[in-house]
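Please open the structure in your viewer and keep the selection tool at hand. The tour below moves from one selection to the next and says what is there.

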Amino acid sequence: MIQFEHATRTYGSKVAVSDLSLTIPSGELFALLGPNGAGKTTTIKMLVGLLRPSGGVIRVCGHDLLTETRSAHLHLGYVPDEPYLYDKLTGHEFLRFIADMYRIPRELSQEYIKREINRFELHEFANELAENYSLGMRQRLVFAAAFLHDPDVLVLDEPMVGLDPRSVRIVKDLLKEKTADGMTVFMSTHTLAMAEEMADRMGIMVQGDLKFLGTVPELREHVDVKTRSLEDLYLEITSSSTGRQKASSDDT
Amino acid sequence: MQNQLLDIPQENQLSRKLRRTIAWNVVTSIVRQSRFRFGLVLVLSLIFWAAVFCLFYDAFNFIDSMHAEVMSLLFNTFFSALMVMMAFSTGILMYGGLYRSEESSFLLTCPLRAEAIHAHKFTEALWFSSWGFILLGSPMLIAYGIVRDAPWSFFIMLIPFIVTFVVIPASIGSILCMLVVAGLPRLRLHALSISLAIAATGILWVSWATFGAVQSQLLTAAWFEETLSRLAMTEQVFLPSWWLSSGLLDAALRGESRDLTRQSTLEALKFLGLILANALLLSLVASWVARWTYRKGYSNLQAEVPIRRHRRLFWLDELLARAGSRVGNPIRLLLVKDLQIFRRDITQWSQFVIFFGLLGLYFYNLRSFNYTHVYASLIGHLNLAVVGLILSTFTTRFVFPSISLEGRRFWILGLLPIHRDQIVWSKFLFSFVGGLVPCLGLILLSDCMLGLPWGTVFVHLTCCLALCGGLSGIAVGMGASMPNFRESSPAKIAAGFGGTLSLVLSAMFIILIVITVGFTNHFNLFQQTVGQLSGTTTSWLPGISGGQVVSILIVIPGGLLATFLPLVLGIRAFRQLEP
């Protein structure tokens with residue numbers, strides 16, 4: 001479970017995330033959408049502990065990220081938009097490192113590593129140094145590392161970038177399976193089709209404010225148009241919010 | 001599954017295992033893929049180590065009679081300077097490692113303590129900032145031990161002394177880095193600049209106070225005594241450098257009896273204990289500071305609003321872009337592009353300024369000494385070699401990778417209406433002109449400070465021209481022949497086979513030019529030496545003027561060959577390349 005309680009983050013005088021209050025229960029896949037500069041990355045960085053909120057509280061499985069950082073991280077898996085790997089470790093060695101970090105017992109870690117290698121089809125390159133991996137290989141390995149310790153909460157930032165259609169399908173199926181088992185998934189994406197297909201709920205963030213929170217049918221109700229596509233609805237919300245902001249700043 | 005947090009020993013074990021695995025993989029991949037470079041680096045390192053050892057061995061033998069006071073002063077000065085440098089270098093490395101690296105971003109999202117992440121990066125920074133000390137200090141200390149006929153315990157204690165000592169300035173640097181970032185995130189650059197300015201001012205003041213205000217005539221016994229007495233400021237009992245030098249001097253003492261030797265060894269162990277205790281204390285303090293400030297400091301830095309600079313066209317760029325068509329328009333525009341990138345890349349021009357600035361400082365101070373004409377000529381000649389060698393490190397490090405670095409942007413260049421030759425020529429011109437201006441200035445400064453005649457100055461300037469052309473030609477030509485478009489790090493490109501080969505060829509070219517010109521310009525000296533050795537007078541070699549003419553006749557064609565041969569080969573290879 002993820003809880004944002006009046007979470008705020010400012011960069012100097014600019015408010016990147018404004019008074020965000022949101023609860024994502026177990027078993028839900030939540031998609032956060034928004035234009036560039038909306039505050040999605042800031043929200044994710046606060047959620048994984050890279051940024052401290054200027055105000056408010058963020059909890060992961062009941063652990064405050066500010067005061068119980070390590071305990072919160074124990075429940076988290078994170079797949080960033082630009083995955084980091086140690087160039088001079090093989091895929092297998094990297095997974096071994098992750099397993100040791102989460103204190104997975106030796107007798108179990110080999111089994112889990114094998115499971116993830118099979119799941120993400122890493123056999124061909126698991127014993128090569130990561131410096132020789134393509135973007136897709138790196139992304140698959142990072143996914144494997146994120147799932148290795150069976151996290152309760154999974155945070156994904158543009159997760160499908162660099163993945164081929166087969167890998168995308170593997171990830172989608174896995175996310176559906178894991179959410180059915182009770183995992184909470186928080187996903188930031190620009191791909192509206194994926195959000196529509198996968199998300200139980202979605203949020204649309206514009207200039208630090210959560211302008212909409214709900215399902216696609218609720219979004220249609222919100223914009224009061226039943227026949228448009230998600231893309232049209234999204235553009236309606238984001239452009240009208242931006243336009244109102246621009247109009248008010250022009251007035252001043 | 002219920003995951004568990006690691007305890008402190010387990011975190012340390014994890015970090016050690018990670019470093020061990022990475023180190024092993026690095027060594028095996030170097031041995032597998034870069035045997036030539038690895039072998040070359042190993043051989044050159046061993047030669048360097050041996051040369052430093054011999055130098056110090058001779059020096060310590062020479063001053064052995066004045067041993068007690070001189071050695072203490074020399075060691076204290078060396079180690080105190082090292083301490084300051086290590087504190088700064090570790091601080092800078094820790095800033096990059098803790099706050100700007102992708103690895104730290106990754107580790108901060110893992111269930112690790114902030115202190116554990118700090119310890120992991122600190123160990124890495126310690127290795128990077130102390131390897132120079134180890135490479136330079138080990139031959140010095142071993143030579144000292146041999147000259148002083150030190151007991152075997154001295155050689156055993158060297159490693160713990162060095163290892164524990166380096167932790168002290170490194171910890172200080174790390175603590176200051178974290179405090180500045182946590183307390184003054186917006187002013188960290190100002191804090192660093194002010195600290196460096198204070199340190200530089202202090203060093204300059206100390207140098208002037210030590211060398212500049214000396215009253216006695218240069219290089220006399222009185223001058224040495226006076227200078228050394230001014231270095232006594234480094235002998236402060238509260239400084240770790242004093243503990244280190246005192247400990248080493250005691251460890252090297254071989255008393256008249258076994259008991260006296262044992263007593264000296266125990267004294268040395270006392271200092272070792274003192275250094276160890278302080279190193280452990282400072283490590284602990286650094287760990288505490290990391291616990292309380294690292295995550296907060298990292299978050300504050302992430303939240304920094306970048307200063308948006310509205311970059312207008314710089315007047316020089318505009319001038320070059322509009323300059324007459326002596327240089328073709330595409331080449332001219334490529335030069336402007338490379339100049340803009342160079343100016344905005346602080347890594348490049350700061351190293352350039354530091355190295356050439358230090359050389360300039362050294363050359364400027366040459367006027368302080370009195371030389372015989374032959375001695376001055378030899379020094380001027382060696383200075384030419386130094387300038388060439390410094391330039392070759394820059395051409396290898398920055399010019400050689402320049403074509404490879406176009407790799408990711410090659411699709412832009414490939415679509416433009418320019419020939420590939422023009423890309424190569426633009427790189428050559430950029431390197432040649434960029435290197436020629438400072439090198440000619442430095443050589444002119446050196447020869448003027450040495451008071452060399454204009455004939456010799458003209459020869460040196462011609463050599464400089466040949467060196468700049470040749471080194472640029474070799475670096476650009478080889479970079480075009482062996483590009484690496486997949487790699488984005490210039491350091492990795494330069495460290496590959498092509499970069500290493502370019503460095504070796506550059507060094508050979510410099511040595512060839514320097515030896516040739518050295519021989520032809522010092523015929524008289526050669527004649528005298530041969531005459532003394534053989535007991536006869538030789539008069540078959542021409543005089544100084546003849547030597548200078550011969551130099552020019554050799555250097556100009558040699559320089560042209562070194563410049564254009566690799567360029568032509570490089571252009572041919574580059575034309576056929578499919579990136």
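What follows is a short walk through a predicted model.

Begin by colouring chain A by confidence: its pLDDT averages 87, and 92% of its residues score at least 70. Then select residues 244-252 of chain A, where the pLDDT is below 50 and where the stretch, beyond near neighbours in sequence, has one contact in the model. Where pLDDT is low, the predicted coordinates should not be read in detail.

Next, turn to the place where the chains meet, a contact that takes 26 residues from chain A and 26 residues from chain B. On the side of chain B that touches chain A, select helix H1 (8-33), helix H4 (102-108) and helix H10 (258-302), each of which supplies at least two residues. Of the elements on this side, H1(B) gives the most, with seven residues. If you colour this side of chain B by residue type, you will find 13 nonpolar, nine polar and four charged residues.

Now look for the largest nonpolar core, which has 135 residues, and select Phe30(A), Ala31(A), Ala144(A), Ala145(A), Leu148(A) and Val155(A), the residues with the most contacts inside it. The largest share of this core, 17 residues, comes from helix H6 (residues 152-183) of chain B.

Which residues does Ala31(A) touch, leaving aside those up to four places away in sequence? Centre the view on Ala31(A), and you will find Met187(A), Thr189(A), Ala195(A), Met198(A), Ala199(A) and Met202(A) in contact with it.

Conventions. Residues numbered from 1 in each chain as written. Chains lettered and ligands numbered in written order. Predicted model: local features only at pLDDT ≥ 70, side-chain atom pairs only at ≥ 80, totals over all residues. pLDDT = per-residue confidence, 0-100. Contact = placed C-beta atoms within 7 Å. Helix = DSSP H or I, 4+ residues; strand = E, 2+ residues; numbered from the N terminus. Nonpolar A, V, L, I, M, F, W, Y, C, P; charged D, E, K, R; others polar. Core = buried A, V, L, I, M, F, W, Y, C linked by C-beta atoms within 7 Å. Buried ≥ 20, exposed ≤ 12 C-beta atoms within 10 Å, placed from the backbone.
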